[in-house]
Amino acid sequence: MTLEPAFYDSHHQRLATPWKNCKLCSVHCKSPREFSRHLREFHCSKEGGSYVCRYGPNNICPSLPLEGVSDMDYENHIARDHVQAPGRARPDTQENYSSVVSPPGAIPSVVHDQHRWTVFDSKVNLPAALNDPLRVKRETDFFTKTWGQEFYENLYVPESRYLPDIDRKYFEKYKHRISKRYRRYAKYKNQIEQEAPGGETFLQQMEKNRAELQQLPKLFLLSNFDLENSDTFNAVFPWTQVEECQRNGGSSQSSKLLQEKLSHYLDIVEVHIAKQISTKSDAFFQAVSSHDVLQDNMLRTCRTIKQLRDKIHSIDDLLTLGSLKIMKLSQTRANYVKLHNKLKLMATVHQTQPTIQLLLSTQEFVGALDLISTTQEVLTQELAGVHSFRHLGSQLAELENIIEKMLQEDFGKCVSVDLNRPVTDTEPLLEEEKIVSLVFGMLRKSRFNFVDVYREEAFTAVKAIVKQTVVEAVSEAENVDKDDGSVSSLADQMRMLNYPQWMELLQQIFSNLLVHLKRTNTFHGVISDVIGIAAGKTLVPSPLPSPTQEDCVLNEASHLHVSVSEEAADVMITEAEYVSVQAKLNEMLCAVCDHAHDRCVKVITARAKDGFLERLSSSEFVALSREVEKFVTDCEVISGRRCMSLRFSLQSQALKFVNRFHEERRTKLSLILDNERWKQADVPAEFQELVDHISRTGVLSLPEKTPDSDKGPGEVLVVEDQMFAVVGTVLMLLKMMVEYCQCVNDIPSAAPDLMSRLVDLFKIFNSRTCQLVLGAGALQLVGLKTISTKNLALASRCLQLVVYFIPKVRQHFEEKLVAKNKSMLKHLDQVQKDYTDHINEITNKLVSVMEGVIAQQLSKWEVKAPMPSMCFRSICKQISKMHEAVLDILLPDQVKDLFTRINSSFKKLVAQQLNSLEVSKNGGPQHGLVMSDLAFYSGTFKTLRGLESLAKDMSDVWDIR
């Protein structure tokens with residue numbers, strides 16, 4: 001408190017108004033309000049609900065209690081003790097305070113009170129906290145909490161989904177609209193801020209002109225100024241004062257003063273008028289010239305419009321009237337031609353009914369339907385309202401219904417016979433000619449339900465084929481007791497079959513269903529050709545010409561093996577109908593395949609009820625999966641789309657198989673890692689052959705086993721001309737990785753699960769390697785004395801080997817995964833990134849280890865003889881040891897990059913030590929001794945293989961600061 005007089009007196013002597021400058025941070029303020037806001041933001045702390053002023057020596061205000069005051073008292077304190085100078089009256093303080101904050105009782109102002117605490121800033125309401133209905137039990141510390149902002153928990157209010165995300169594109173239209181206005185504003189602003197020849201800005205000139213104009217009496221500036229008015233004249237020329245001066249003997253002097261004053265006013269006005277004219281002259285002349293140009297353009301436009309109107313009138317007289325007369329005569333002639341054609345058409349329709357009877361007698365349904373539809377179309381469109389043909393339409397409709405029923409009954413019989421014949425019959429389609437004729441007839445009637453009829457017959461045939469195959473297999477099995485009372489159903493008898501018998505049954509079911517699906521596919525192909533001919537998209541397999549244009553490129557009828565009559569070849573359906581029927585055919589084929597899969601699923605599910613599938617070995621499950629996959633693949637070739645129902649039936653069992661497969665390898669990898677000593681291991685010929693097989697074929701699969709050869713183990717693993725010094729664990733991981741990929745080939749449906757497990761295996765190897773090497777966990781597990789640079793380099797090289805094969809694994813799984821699961825590939829990308837980061841961490845660890853050694857030796861460095869110093873000898877010795885440790889493990893480029901970073905760190909540390917020793921490049925003795933040590937350091941690098949030119953120039957050490 002003793003510092004208060006000296007602190008304030010020194011500043012009040014220097015500044016008359018203390019609010020203009022902040023004496024702590026040298027900030028200049030333009031108003032007391034800005035100064036108050038600055039003190040609140042930068043020299044005030046809020047403790048609970050109190051405000052503590054920090055504006056003073058040592059951040060302590062001598063005139064305010066340390067425990068703080070309320071918001072209103074803090075504002076009064078700023079206005080009383082900091083805004084006003086000492087000794088000023090109390091009313092001034094109160095006046096300034098009222099200009100900073102809003103009056104008591106008024107609504108808080110957004111402008112005045114934006115930095116002041118108001119009721120709208122409150123975040124805790126005591127009545128609301130006490131009456132919260134969501135709190136059944138009161139907290140034990142409810143009445144012991146400190147009241148303030150942290151009294152009640154802050155609830156997160158999510159962002160509204162109705163508020164759009166505003167970005168810069170929303171303002172493009174506004175920027176485009178305002179840019180011209182802004183450029184004009186910037187131009188005027190530059191003109192205003194531009195200095196005049198006299199060194200004054202435009203604003204300064206405006207202020208000067210305003211001051212000069214204020215010298216003029218306001219009378220001259222009134223809008224109703226008129227010298228004819230006697231009062232105005234007397235105010236301008238005060239003759240009463242002149243006459244009074246004449247009586248006093250000073251008439252000539254007063255008149256002269258009045259004249260000079262008016263002349264002075266006139267000069268001021270003329271000068272300002274001249275300035276205004278000089279500044280606005282360009283705009284005035286530009287407006288005048290633009291007006292003249294606009295006038296000339298309007299005159300030329302009027303003349304052009306007059307000429308255009310004259311030409312239009314001439315064209316109307318010469319061309320339009322004659323053409324209208326010709327059109328009228330042509331219309332009259334066309335009406336006569338239409339009448340003649342109508343009479344000929346009536347004569348033709350009169351002979352239609354006898355012709356239809358003749359076609360029906362010869363079983364020409366397509367020709368009869370064609371004639372009926374054509375006649376009905378003529379009656380409804382061209383002969384509508386003809387009284388003599390009023391009963392012909394109903395007669396034709398009755399005949400059409402009779403033909404339609406005949407077509408549907410015959411088609412159902414043909415399809416049933418074709419689908420229910422024995423599977424040993426090799427004929428693709430029975431009665432193909434009759435079926436084609438019936439389909440043409442139904443297409444002419446636009447009755448496309450024949451597809452649904454065939455689908456129902458195919459479903460019935462599939463069910464019968466599966467049941468008959470199971471019955472035959474059970475009857476032939478010797479270990480099935482059919483007289484056993486406990487075996488009541490066919491499914492129970494099937495469950496008594498052993499694995500070979502059941503697999504043979506499943507293969508026979510697949511074979512019989514494939515015969516049935518091939519017959520369905522043949523029907524699909526024949527009907528596709530038929531509707532293609534009907535739509536004009538397929539060539540007719542006969543000497544008859546195509547009903548479409550000759551220049552159109554048509555498809556060949558690849559499935560149709562019978563000739564088509566002329567009447568059938570003329571059948572046409574619309575593009576929309578063709579697309580609809582073709583879609584129904586494709587859907588029917590896929591539905592039959594799906595139904596066949598569903599029946600197979602029931603067979604597999606019935607056999608798996610007693611846990612039969614769960615007891616299968618890996619080889620048996622793979623064999624089952626291959627049979628299912630082969631059947632599904634054949635069905636996909638037939639249907640042209642993926643079939644998933646049968647794959648899904650094995651999904652649960654495949655998941656259990658994958659879990660067992662993964663757990664075995666995960667446990668094995670963990671055990672191997674826990675016993676790994678991180679020393680370079682020899683590479684057995686088995687693993688080298690595996691890598692060579694992958695490089696040669698580009699496929700991640702196990703090579704075929706060959707007789708034992710005399711090849712011994714190698715020192716390194718060679719992968720496409722790259723040599724990897726590795727430990728034994730990574731070789732086992734490599735083999736496990738290939739086994740996972742091989743399993744994907746055997747069980748494609750389990751690709752997502754296998755990929756997830758493989759990613760988990762990669763993560764285990766990465767994390768455990770980090771714990772054992774970087775985390776020094778191997779010291780406790782296997783009893784290593786220390787983690788050497790060679791251990792670190794070996795770990796890095798093993799990780800690089802895995803990183804090398806991860807893209808191949810990704811490509812392998814990308815080919816096996818379906819489209820919706822391809823997003824899982826990002827996990828492999830993340831694993832690759834994690835491995836790369838781990839490799840970088842090991843490299844950084846190697847650099848940091850050498851940096852520590854260099855820093856420790858340089859801390860003992862003294863620039864004195866003898867040279868080279870012991871410090872530099874030790875550093876070069878450590879660098880040589882590290883080079884020897886990593887040379888045969890890392891690639892030459894990696895070794896060079898590593899020692900480049902070490903060399904850079906060495907230069908920085910040497911430069912820091914030289915600065916601390918105050919040794920500079922001055923040519924003195926110490927400079928020579930330092931250069932001798934650096935030359936010894938450079939010579940050491942020349943002896944290191946692959947690093948001869950790395951430390952050639954060490955003169956830049958003096959430039960590093």
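How many of the 961 residues of the protein chain count as buried, as a percentage? The figure is 36%. Keep in mind that this is a predicted model.

**Whole chain.** Start with the cartoon view. The secondary structure comes to 31 helices and four strands. Switch to the surface. The protein chain exposes about 58,400 Å², and carbon and sulfur atoms supply 54% of that area. Now think about contacts. Take those between residues at least 6 apart in sequence: 69% of them join residues at least 24 apart.

**Helix α20.** Select residues 618-639, which form helix α20. Within this helix, pick Glu629. Is Glu629 buried or exposed? Its relative accessible area is 19%, so Glu629 counts as buried, the cut-off being under 20%. Next, show the neighbours of Glu629. Leaving aside residues up to four places away in sequence, Glu629 touches Arg647 and Pro748.

**Cysteines.** Select the cysteine sulfurs. How many disulfides does the structure hold? The count is zero.

Go to Cys593. Its closest cysteine sulfur is in Cys635, at 5.2 Å. A disulfide needs the two sulfurs within 2.5 Å, so the Cys593 sulfur is too far from that of Cys635 for a bond. Cys593 has 0% relative accessibility and therefore counts as buried.

Move on to Cys743. Which residue holds the cysteine sulfur closest to that of Cys743? Cys741 does, and the two sulfurs are 10.0 Å apart, too far for a bond. Color Cys743 by accessibility: at a relative accessible area of 6%, Cys743 is buried.

Notes. Residues are numbered from 1 along each chain as its sequence is written. This is a predicted model: local features need pLDDT of at least 70, side-chain atom pairs count only at pLDDT 80 or more; totals for chains, interfaces and linings use all residues. Side-chain values use heavy atoms; hydrogens and water are left out. Buried means under 20% relative accessible area, exposed over 50%, partly exposed in between (1.4 Å probe, protein chains only). Helices (H or I, at least four residues) and strands (E, at least two) are DSSP runs, numbered from the N terminus. Contact means heavy atoms within 4.5 Å. Accessible areas come from the Shrake-Rupley method with a 1.4 Å probe; for residues, only the protein chains shown count as cover.
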